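Subject: Handover of the model, with notes

Dear colleague,

Please find the structure below, followed by the notes I made while going through it. I would be grateful if you read the two side by side.

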Amino acid sequence: MRNAAKKIYLALIFLFLYAPIAALIVLSFNNSKTRAKWGGFTLKWYQELFKNESIMQALWNTLAIAIISATAATVIGTIASISIQSMKKRTRAIVMGITNIPMLNAEIVTGISLMLLFISLKMRFGFTTILLSHITFNIPYVILNVMPRMRQLNPSIYESALDLGASPLQAFFKVTFPDLLPGILSGFLMAFTMSLDDFIITHFTKGAGIHTLSTKIYTEVRKGIKPEMYSLSTMIFVAVIFLLILVNYTPRDKKDMHKS
Amino acid sequence: MNKKLLSVPYLFWSALFIIIPLCMVFYYGLTDKNGAFTLSNIAAIATPEHSKALWSAIRLSLISTVICLLLAYPLAMILNGMKTGHDSLTVLIFILPMWMNFLLRTMAWQTLLEKTGVINGILSFFHLQNLSIINTPNAVILGMVYNFLPFMVLPIYNVLTKIDQSVINAARDLGANEVQTFLKVILPLSIPGMVSGITMVFVPALTTFVISNILGGGKILLIGNVIEQEFTQTNNWNLGSGLSIVLMLFIIFNMVISAVTDKEGEVNVL
Amino acid sequence: MKKLFVMLTCVLLAGSVLTGCGGDSSVGENGEVFVYNWGEYIDEETIEMFEKETGIDVIYDEYETNEIMYPRVAAGASTYDVICPSDYMIQKMIDNDLLQELNFDHMPNALANIGSQYYEQARGFDPENRYCVPYCWGTVGILYNTSMVDEPVTSWSILWDEKYDDNILMQDSVRDAFMVALKLNGYSMNTLDRDELETAKNSLIEQAPLVQALVIDQVRDKMIGGEAALGVIYSGEAIYTQRENPNLEYVIPEEGTNVWIDGWVIPKNAANVENAEKFIDFMCRGDIALMNFEYITYSTPNVAAQALIEDEDIRNSEIAFPDLSQYQNLETFIYLGEDGDALYNQLWKEVKSAYE
């Protein structure tokens with residue numbers, strides 16, 4: 001009885017979360033240009049998608065910005081974590097406070113503030129400004145994933161590596177880095193996801209003729225979304241589900257068990 | 001080693017892209033079009049239109065935060081109780097929607113909720129009363145809950161998984177019934193997760209302009225919409241910045257709360 | 001987490017394969033041209049044809065309203081070479097020294113193919129026809145669904161009829177919304193008179209509870225889908241929506257309305273003026289203008305294109321090419337100055353705050 005109630009509850013939430021996605025998937029097969037009419041089943045939007053240069057370009061921009069910004073944020077954030085850990089308590093608190101700002105502040109304020117900065121620097125709005133903004137809001141996610149790992153590190157291992165004749169760089173990459181790796185990876189992943197899904201900050205820092213999927217969709221929301229967009233998101237969604245199932249049904253590695 | 005030097009790139013970065021931009025918001029917010037000092041952009045929050053927009057935003061975001069909490073807590077409990085071999089899969093199923101662009105998902109709600117939309121189609125088929133919440137504040141609340149629910153579920157779930165089973169067993173052994181165990185042990189221990197979830201839902205809900213635009217039919221003016229319009233349409237950056245400063249007061253309040261409860265400095269997003 | 005990471009990498013790889021060579025953003029052999037136009041306001045095939053014929057790469061961007069376009073251009077954060085604003089916005093840009101004079105010698109099609117009456121009309125905001133080449137024109141009216149409205153629609157006042165509660169779509173843009181209310185009250189839509197504006201504002205506030213949604217381009221989808229009975233719409237959209245839903249009718253209300261022109265202009269800070277001229281001239285070619293007309297269904301001022309229209313119903317359509325002489329109180333928006341803008345914006349904010 002109780003189990004049944006739990007299952008029903010889960011099912012209802014599941015329905016709530018997936019109903020709009022189901023709607024999008026159905027729309028991707030709709031043989032009518034407007035959302036308002038069902039014009040029969042078609043696969044043509046999947047063909048049109050690959051011919052639609054502007055959507056493809058937006059997809060490419062989105063991926064490029066997400067990969068580059070997550071990578072840059074991971075490098076900067078990891079180095080920062082190492083140095084923050086060695087700071088005095090007081091300084092560390094201040095630096096961590098600043099680090100938290102882009103995460104806790106409203107995205108609209110972050111977006112506006114960066115826009116004002118770029119305008120005063122007379123920068124041309126485009127790929128670079130979006131990228132700089134994304135790196136900025138991605139760094140905190142990396143730091144906040146790496147810092148807890150940093151705290152668990154035993155500094156004497158690093159020191160003994162130095163004593164045994166390793167250079168600081170060698171000691172870092174052979175000793176410290178492997179221990180930090182899980183934190184770095186999850187930081188990267190989180191940064192990547194945030195960058196991928198960001199709309200508001202991109203909205204304020206984008207310039208002429210450049211779109212990410214989010215800003216492209218936002219302009220299309222007003223005049224009616226192109227059905228190709230539905231087919232693209234359906235494909236991404238199916239790909240993610242497919243990989244999820246694939247990954248989950250392969251033998252689990254033990255290291256992952258106690259974590260996550 | 002020269003660990004101090006290592007901090008230079010990051011400190012430089014955060015000064016240039018976090019501190020200076022915020023200073024610019026304050027500069028614009030505290031000056032008029034000619035660059036003279038003024039408080040009028042901040043005082044503008046008191047005009048009926050602006051205070052109404054702020055009040056609507058606070059009201060809608062509080063309601064959605066409470067709904068998120070009420071929906072998420074049982075959900076996190078159930079997920080936590082389902083420690084099967086594939087528990088991460090179960091959790092991922094609830095994160096998966098986030099991989100589809102949030103604008104598209106919000107847009108899809110329009111298709112579902114419209115007068116001639118899918119839900120009303122189904123209701124009419126069964127001769128039931130039609131639903132008319134599209135373009136009302138209720139639709140905006142629905143959109144907020146829908147978009148931010150995962151941000152509430154995950155921190156609570158993370159905290160619950162970390163509660164030591166032996167603590168619960170001890171309470172049981174000492175004669176506490178299930179309700180007592182929940183109220184006296186589980187609930188207090190999960191407060192950090194709840195607080196973290198609340199801040200992560202409240203701020204984006206308070207400041208959104210996208211959800212109100214798409215699901216509110218352009219009729220619902222939240223403080224986020226006002227600020228966005230000042231920057232992108234009416235071109236009054238001073239006023240927009242002034243209102244942003246007011247908005248930030250609420251966020252600082254939020255930051256303080258989260259700083260007090262979240263001493264670990266860990267954020268549980270994924 | 002590690003697994004997720006592997007998964008993600010796979011998605012990325014899949015993504016890069018999908019996009020193929022989508023990443024090359026190399027400049028065309030003859031340079032590039034940055035075009036900033038209304039959403040859904042061109043047949044994209046014409047852009048491809050232009051690129052193929054001239055070897056100029058077109059970087060194309062879109063906006064929803066004049067008000068959204070203006071700050072972007074004025075801030076200089078983005079430099080465009082060709083923009084397509086409406087009448088009053090062109091005047092505002094001229095006043096603020098944002099536009100450069102056009103060299104019509106480089107644009108023979110613009111001189112030969114655009115009807116002289118449209119240049120004449122454009123003098124209202126561009127007195128010597130030095131800055132703009134008309135691209136589209138039309139009226140604003142009421143689109144209604146005959147299956148939901150059985151009375152004849154003749155006046156803006158039907159948008160205030162309580163019978164149509166929650167069935168009315170208004171435009172979400174300050175000048176268009178005030179135009180309706182000012183015309184309803186018999187005033188000029190370019191008024192700066194405080195009392196008249198106050199009356200118009202109160203009319204809009206009175207109407208607020210009846211309005212289903214404030215829309216821009218969504219009016220199209222909503223009217224086609226039968227979401228609403230009445231909507232304020234641009235004449236160009238009327239032809240498209242009628243094709244998709246034959247129950248829809250378009251009228252120009254008797255109190256008069258806005259006759260608008262959108263035109264190509266070249267901003268002062270344009271980096272590729274020569275290419276911009278080539279682009280505008282190309283868009284003025286009869287066959288190209290025809291393609292655009294058939295795709296976006298907004299009336300074209302291009303007489304060469306008008307002559308090429310094969311479908312007689314369209315060529316003689318009252319919606320596409322109305323005989324303006326039979327309507328009264330037609331006006332074109334003019335720029336009201338910075339203070340005028342500020343006043344309208346303030347009143348509009350008060351109206352918007354009344355909706356919920």
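Read along the sequence, chain A of this predicted model follows the pattern α-α-α-α-α-α-α-α-α-α-α-α, and its secondary structure comes to 12 helices and 0 strands. The radius of gyration of chain A is 23 Å, whereas the globule rule gives 18 Å for 260 residues, so chain A is more spread out than a compact globule. Taken along the principal axes, the C-alpha trace of chain A spans about 75 × 60 × 35 Å.

Chain B is likewise described by helices, with 13 helices and 0 strands in its secondary structure, and from the N terminus on its elements run α-α-α-α-α-α-α-α-α-α-α-α-α. The C-alpha trace of chain B spans about 75 × 70 × 30 Å along its principal axes.

Turning to the contact between these two chains, 63 residues come from chain A and 67 residues from chain B. On the side of chain A that touches chain B, the elements giving two or more residues are α1 (2-27), α3 (53-85), α4 (89-104), α5 (107-120), α6 (127-152), α8 (168-197), α10 (213-223) and α11 (227-248) of chain A. Of these, α1(A) gives the most to that side, with 13 residues. Divided by class, the side of chain A that touches chain B has 46 nonpolar, 13 polar and 4 charged residues.

Helix α10(A) packs with helix α5 (residues 102-113) of chain B at an angle of about 25°, and their axes are 9 Å apart. Angles under 35 degrees count as roughly parallel, and therefore α10(A) is roughly parallel to α5(B). The residues that make this contact are A:S214, A:I217, A:Y218 and A:V221 on the side of α10(A), and B:L103, B:L104 and B:M107 on the side of α5(B). By class, the contact of α10(A) with α5(B) has 6 nonpolar residues, 1 polar residue and no charged residues.

Chain C has both kinds of element, and its secondary structure comes to 15 helices and 9 strands. Its radius of gyration is 22 Å, close to the 21 Å that the globule rule gives for 356 residues, so chain C is as compact as a globular protein of that length. The C-alpha atoms of chain C fill a box of roughly 65 × 55 × 45 Å, taken along the principal axes.

The domain assignment divides chain C into domain 1 (29-137 + 260-321) and domain 2 (138-259 + 328-352), and the centres of domain 1 and domain 2 of chain C, taken over C-alpha atoms, are separated by 25 Å. The contact between them takes 24 residues from domain 1 of chain C and 18 residues from domain 2 of chain C. On the side of domain 1 that touches domain 2, the elements giving two or more residues are α4 (87-95) and β4 (133-145) of chain C, and the largest share of that side, 5 residues, comes from α4(C). The residues of this side of domain 1 divide into 9 nonpolar, 9 polar and 6 charged.

Chain C also holds an open sheet of 3 strands, in the order β2-β1-β3, with parallel pairing. Because β2 (57-63) and β3 (82-83) of chain C stand at the edges, each with a single partner strand, one side of each is left without a neighbour in the sheet.

The residues of the contact of α7(C) with α15(C) divide into 5 nonpolar, 1 polar and no charged.

With best regards

Conventions
Residues numbered from 1 in each chain as written. Chains lettered and ligands numbered in written order. Predicted model: local features only at pLDDT ≥ 70, side-chain atom pairs only at ≥ 80, totals over all residues. Contact = placed C-beta atoms within 7 Å. Helix = DSSP H or I, 4+ residues; strand = E, 2+ residues; numbered from the N terminus. Nonpolar A, V, L, I, M, F, W, Y, C, P; charged D, E, K, R; others polar. Domains from an automatic or database assignment. Pairing = 2+ DSSP bridges. Rg over C-alpha atoms; globule rule 2.2 N^0.38 Å. Axes fitted to C-alpha atoms, helices over the stretch in contact; angles between N-to-C directions. Parallel < 35°, antiparallel > 145°, perpendicular 65-115°, else oblique.
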